[in-house]
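Dear colleague,

Please find below the structure that I am handing over to you.

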Amino acid sequence: MMKETVLSRSIRTICAGGLAAASLGLLAAPAVAQDAPAEGKMQRIEVTGSSIKRLVSETANPLSVIKAEEFIKQGLTTAAEVLDRIPSNGSSMGAGNAVGGNSSGLPTGGQASADLRGLGGDKTLVLLNGRRLANHPYDGASVDLNIIPITALDRVEVLRDGASAIYGTDAIGGVINFITKRSLNTTTITGEVVRPSKDGGGEKRVNLSSGIGNLDKDGWNLFGVADYHKQTVLTSQQREFSKTGVIPAHGVFLTSGTTFPGNYRDPGIPGLTKDAPPIIPVKVGNPGFASGCNPPFSVPSTTNSTCRQDYTRLIDDLPEQETTAFFGKGTFKLGENHTGSVEFLHAENKVMSRTAPPPQTDLVLPKSSKYYPGNSGGVPAQTGLSGNDLTVNWRPVEAGQRRINSKGEADRLVGSLEGELAGWDYKTGLSYSVSKSSEDFTGGYVKDDAFAAGVRNGILNPFGLQDSAGKAYLDSTALRGQVQSAKDTSTGFDLKASRELMDLPGGKLAVAFGTELRHQKADFNVNREIAGQATSSGLSGSLSKSGSRNIKALFGEVNLPLIKDLEVSFAARFDDYSDVGSTTNPKLGVRYQPSKEVVLRGSASTGFRAPTLFEKNAPPSKNDTSNEYNDPILCPGGKVVLPLGSELRDCNLQQFKLQGGNPNLSPEKSKTFSFGTVLEPIKEVTLTVDYWNIHLKDKIGALPEATIYDPANFAKYKDLFLRNPDGTPYAIKDLNENLGEVKTDGVDLSLTLRLPRSEYGNFTFTLDGTYVHKYDYQNERNGEFKNNVGNYGDDRPVFRWKHNAALNWRLGDWSATLAQSYKSSYTDQNMGLDDPKYKQDVSSYSLWNLSAGYAGVRVWC
């Protein structure tokens, strides 16, 4: 797995109501927690991770707060970019996954997701203003970050601790709460352009925000924010690191046996008796092999006389992406102690992804075709052919790259009321949230049956470019139209109230209670007229699916200041799912401040994640494997077993897998604890250190296909290899199940140094880092634990150390920031090669950013 190691230089010009900045390098300033003191009386607010209003500094939970000003300073244009600056976030899921799909090779709709602690996007809860959003419909497990209106945000609060006792399902790795501005009464237009020093991957962004009314003076405020962002395509050929999948010096040979020109298989003529040698043996080959195939796109095989397709040359590193979002909010004071608000979100995300031309397999080329080797079509004769029909695997490059246009839409409407009633602080609301996505074939895909008929009838030439008749016929096989769509809907009601009840030696005892009701519905629709004709899409066996459920929850929290410097909090939540059952999850927190320079804190909790509607209800669907494998019976070790085996079907090729839901799935369960300290020996220095530990059980998923195809596991999983009546492979059975465990722990560190003010200005240094001590996981129940720290595991690496550091300077209207984002080295995937000379280590990776600004002149852009 190749990773980028060369930085692209970019110049980013920002016009934001008078701020002009130029930066070098990819923007990578850190997301630092900011606890700026308010003027006058400190106001207690509801912070992420608690239902009781308090000061941010009073919480026992490790909480990072990223202010919107940091977005501008760092030039961050998307919510995914903001979260990438958080060391505890391990996500690698972004729009780039739309090229080639997810871990199952299926379209993702361009989804980007968060992934605190590297446990998966489905175990990080994402909120907008403290309430849930509908999950992306293609997995039903995580929120698409593309819908977050970054321009409307006031701050992002990141709880780096389990919180199922407060929020319920999904909050195992932590909670990310995007909080919008409370009100707005100015108009701002912002434009931004990113131009890398090399072609491809450029960005542009425009947003408009405006509002009227002053909530404090007028008692009302209306504001809206519109945002537009576009990224141009970055092809594999525009960067050296991704130009090819054939790198012999590194032992890398990422190729496909379905090529242009096509590979053939001649069945030969068997012997006169069962044990007699064949009269003409089985033969595989390629008419273009002798001339080097079709370099550089296809290259000679190293094991036989066929060609291998270097498909990496015909895919995109980053797809073309266009996002638009609108967020509007109206807030009204209803008397002295009550405030009502209505907010509406609409977002669209369009992605165009391109992969290599369509691989077409098991095509029949009869002896009567003019394109049979040696006939009149100009295909070179091949020695040793039997004269029988040939089986051909062919990738028609003239059909063009396969193109999928993905469109995602999200809408959310929330009506809420909050205030004080009979001594209780209350907050309640109704919400309706829907997420939709669809995929359209727009190029490159062909109708399987019509295409195969063209080869069988002698119209299409699988070994060379088409003549005019062949080109016209190839064009007629083009497959266009919507192949699938999905919709996830969530309707909810919530109510919570809190108050201080009585005096304790350390302060006021405070309590909170609440309830939540939600209805979820998910629909996944497959257009069988389109999907059934395109085996190369990996969707030909997909089926429509749907499901719904009701969720009821009760929760409570109590805060006990037992003595002046010791505070204990306890929370618990009961959730009841109509399709899964019920669960209760508690959390205990302790905060002790023996002196003004030292705070000690810790927490322990349990968590859970309910299986999604798709994970439970999806019917079996037959799709392609993500990678190439050998059939363990018909091609063990890469050696074909005749007469039933076929090199063009069973050896080093993508196979089929049967995926689907499991109604008997149990929720994932976790135990989490953390403890740490905040030290401020002098006012210029603040150091925070927190140890965290998570143990996850009953992880939901399908067995990794590489585990099933591992020859060492064949005896264990041989029953998963489903076969046709004649013994040829049908698919591997790889349905969802509760798998093994994950054990991970580490340390979060935050350091702030503030130099005394001088005639040279104010200097501040900040560093936020995460050290992962252990990340051990099982791919199967009771299986061996694999270490993922510093290693590329089944689908990604876990970095031992990540940090974001920044040196900030300000003098009057002038300011500047030098920032670094750092990820430690790791051992690469190495493709299962045992030879030490092929071992690949990816070196540490740093991104530097230098920005400067002057705010003394107001400029309108």
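**What was found**

Among contacts in the protein chain between residues at least 6 apart in sequence, 72% join residues at least 24 apart. Please keep in mind that this is a predicted model.

The secondary structure of the chain consists of ten helices and 46 strands. Its radius of gyration is 30 Å, close to the 29 Å that the globule rule gives for 861 residues, so the chain is as compact as a globular protein of that length. Along the principal axes, the C-alpha atoms fill a box of roughly 100 × 60 × 50 Å. Of the 861 residues, 53% count as buried. The chain exposes about 36,700 Å², and carbon and sulfur atoms supply 56% of that area. As for charge, there are 93 positive and 94 negative side chains, and the centres of the two sets lie 1 Å apart.

Just after H4, Gly458 takes a positive phi of about 80°.

Leu460 lies in the loop between H4 and H5. Is this residue, Leu460, buried or exposed? Leu460 counts as buried because its relative accessibility is 0%, and the cut-off for buried is under 20%. Leaving aside neighbours within four places in sequence, Leu460 is in contact with Tyr371, Trp394, Phe451, Gly454, Val455, Gln466, Gly470, Tyr473 and Leu474. In sequence, Leu460 and Ser369 are 91 residues apart, yet their C-alpha atoms are 9.2 Å apart in space.

The aromatic rings form a further topic. A pair of such rings is described by the distance of the centres and the angle of the planes. The count comes to 15 aromatic pairs. One of them is formed by Phe675 and Tyr691, with 5.3 Å from centre to centre and 40° between the planes, and is classed as tilted. This pair links distant parts of the chain: Phe675 belongs to strand E33 (residues 668-679) and Tyr691 to strand E34 (residues 685-697), 16 residues apart. Phe675 counts as partly exposed, at 47% relative accessibility. Elsewhere, ring pairs link Tyr629, Tyr709, Phe714 and Phe721 into a cluster.

Yours sincerely,
A colleague

How values were computed. Residues are numbered from 1 along each chain as its sequence is written. This is a predicted model: local features need pLDDT of at least 70, side-chain atom pairs count only at pLDDT 80 or more; totals for chains, interfaces and linings use all residues. Side-chain values use heavy atoms; hydrogens and water are left out. Helices (H or I, at least four residues) and strands (E, at least two) are DSSP runs, numbered from the N terminus. The radius of gyration is taken over C-alpha atoms; the globule rule is 2.2 Å times the number of residues to the power 0.38. Buried means under 20% relative accessible area, exposed over 50%, partly exposed in between (1.4 Å probe, protein chains only). Contact means heavy atoms within 4.5 Å. Accessible areas come from the Shrake-Rupley method with a 1.4 Å probe; for residues, only the protein chains shown count as cover. Lys and Arg count as positive and Asp and Glu as negative; His and the chain ends are not counted. The place of a charge is taken as NZ of Lys, CZ of Arg, CG of Asp or CD of Glu. Rings of Phe, Tyr and Trp (its six-membered ring) pair if their centres lie within 6.5 Å; planes under 30 degrees apart count as stacked, over 60 as edge-to-face and the rest as tilted.
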